[in-house]
Amino acid sequence: WVDTDLPTAPMLSYKSHKWWVRPTPLQQTERYIQQQMDQYTGPLGSVSIPSAHDEFIGKASALCEAIDPRGHRQFVCFKNYYTRYRDEIPFSGVHFFDWLDFGHGKHLLESNEKHHFLKHMKKDDSCLKGHFNTHTVHYFDDTLREKHEIYMEMSKDGKELIARYKSDDRVVPTSYNQEEDYDDPHLYMWDMNEKFYIVESNDSWDKEKYGTVKHTGVVAG
């Protein structure tokens, strides 16, 4: 392939800007995805992004949430878009994120609403770009993560194990809601550095802005 061979070069665009890239076969783009999966795979016995899913599409979609250059858009929509990216005939010849934001995937579901050329997938209606691009998983920075790190100690009588936040020694409250008589479990996460984090179910952070806390968000992928 010659770099000046524009007739075979996929075109990408953003607003009024256009550019062309060297075509890349699907096998090569998925080798890159696999390499990224390897970096996000922990040792035997750990829970990591690839091991939480059985099929390649699920693994790739979950990985895309973690490596998304536009800020960790949600996994469920990546699954819908990645399926269409992989199945497109002829193949687009570009890497997934280029396809998604600057190529054929840019307005894919919006166009499908008008012309119905794709088989409907669950959640398509909530994966239109206006929603998808603005609903992201909040990844903790070091300061926020430290706020939720806990340590364990025995009670004075030796009968109970008490969890306290390292930042202020506050006891982690129960997740049981006595007034409504139900248990709303906290989120627990143990990282590869043997640090233990708890995010309370009634945590006061901005849920309207950040949505529900996810395990991947606590340890930033």
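Is His 72 buried or exposed?

What we have on screen is a predicted model, in which local features need pLDDT of at least 70, side-chain atom pairs count only at pLDDT 80 or more, and totals for chains, interfaces and linings use all residues. Residues are numbered from 1 along each chain as its sequence is written, and side-chain values use heavy atoms, with hydrogens and water left out.

Now back to the opening question. His 72 is buried, with a relative accessible area of 19%. Here, buried means under 20% relative accessible area, exposed means over 50%, and partly exposed is in between, using a 1.4 Å probe and protein chains only. You will find His 72 in the loop between helix H2 (56-67) and H3. A quick word on those labels: helices (H or I, at least four residues) and strands (E, at least two) are DSSP runs, numbered from the N terminus.

His 72 also has a positive phi of about 60°, although it is not a glycine. Most residues other than glycine have a negative phi, and most peptide bonds are trans. Glu 194 is another non-glycine residue with a positive phi, near 60°. Where is Glu 194? Look in the loop between strand E7 (187-190) and strand E8 (196-199). Glu 194 is exposed, with a relative accessible area of 64%.

While we are on the backbone, please find the peptide bond from Ile 89 to Pro 90. That bond is cis, with omega near -10°. Pro 90 sits in the loop between helix H3 (75-87) and helix H4 (96-102).

Let's stay in that loop for a moment. Gly 93 lies in the loop between H3 and H4, and at 7% relative accessibility Gly 93 counts as buried. Which residues does Gly 93 contact, leaving aside its neighbours within four places in sequence? They are Pro 10, Arg 22, Pro 23 and Thr 24, where contact means heavy atoms within 4.5 Å. Gly 93 and Pro 23 are 70 residues apart along the chain, with their C-alpha atoms separated by 4.6 Å.

His 95 is in the loop between H3 and H4 too. At 31% relative accessibility, His 95 counts as partly exposed. Setting aside neighbours within four places in sequence, His 95 is in contact with Thr 24, Thr 29, Tyr 32 and Tyr 85.

Next, how do the helices pack? Start with H2 and H3: their axes are 8 Å apart, at an angle of about 120°. That makes H2 oblique to H3. For the terms, axes are lines fitted to C-alpha atoms, for helices over the stretch in contact, and angles run from 0 to 180 degrees between N-to-C directions. Angles under 35 degrees count as roughly parallel, over 145 as roughly antiparallel, 65 to 115 as roughly perpendicular, and the rest as oblique.

On the H2 side, the residues that meet H3 include Phe 56, Ser 61 and Cys 64, and their partners in H3 include Phe 75, Phe 78 and Tyr 82. The residues of this H2 and H3 contact divide into eight nonpolar, three polar and three charged. In that count, Ala, Val, Leu, Ile, Met, Phe, Trp, Tyr, Cys and Pro are nonpolar, Asp, Glu, Lys and Arg are charged, and the others, Gly among them, are polar.

Now H1 and H2. These two pack at an angle of about 70°, with their axes 10 Å apart, and are therefore roughly perpendicular to each other. By class, the contact of H1 with H2 has six nonpolar, two polar and two charged residues.

Finally, the inside. In soluble globular proteins, nonpolar side chains tend to be buried together. A nonpolar core is a set of buried Ala, Val, Leu, Ile, Met, Phe, Trp, Tyr and Cys residues joined through side-chain atoms within 4.5 Å. How many residues are in the largest nonpolar core? There are 28, and those with the most contacts inside it include Phe 78, Tyr 81 and Trp 99. The elements giving two or more residues to this core are helix H1 (26-39), H2, H3, H4 and helix H5 (108-115). H2 gives the most, with seven residues. Apart from this core lies another one, of seven residues, among them Phe 140, Leu 187, Met 189 and Val 199.
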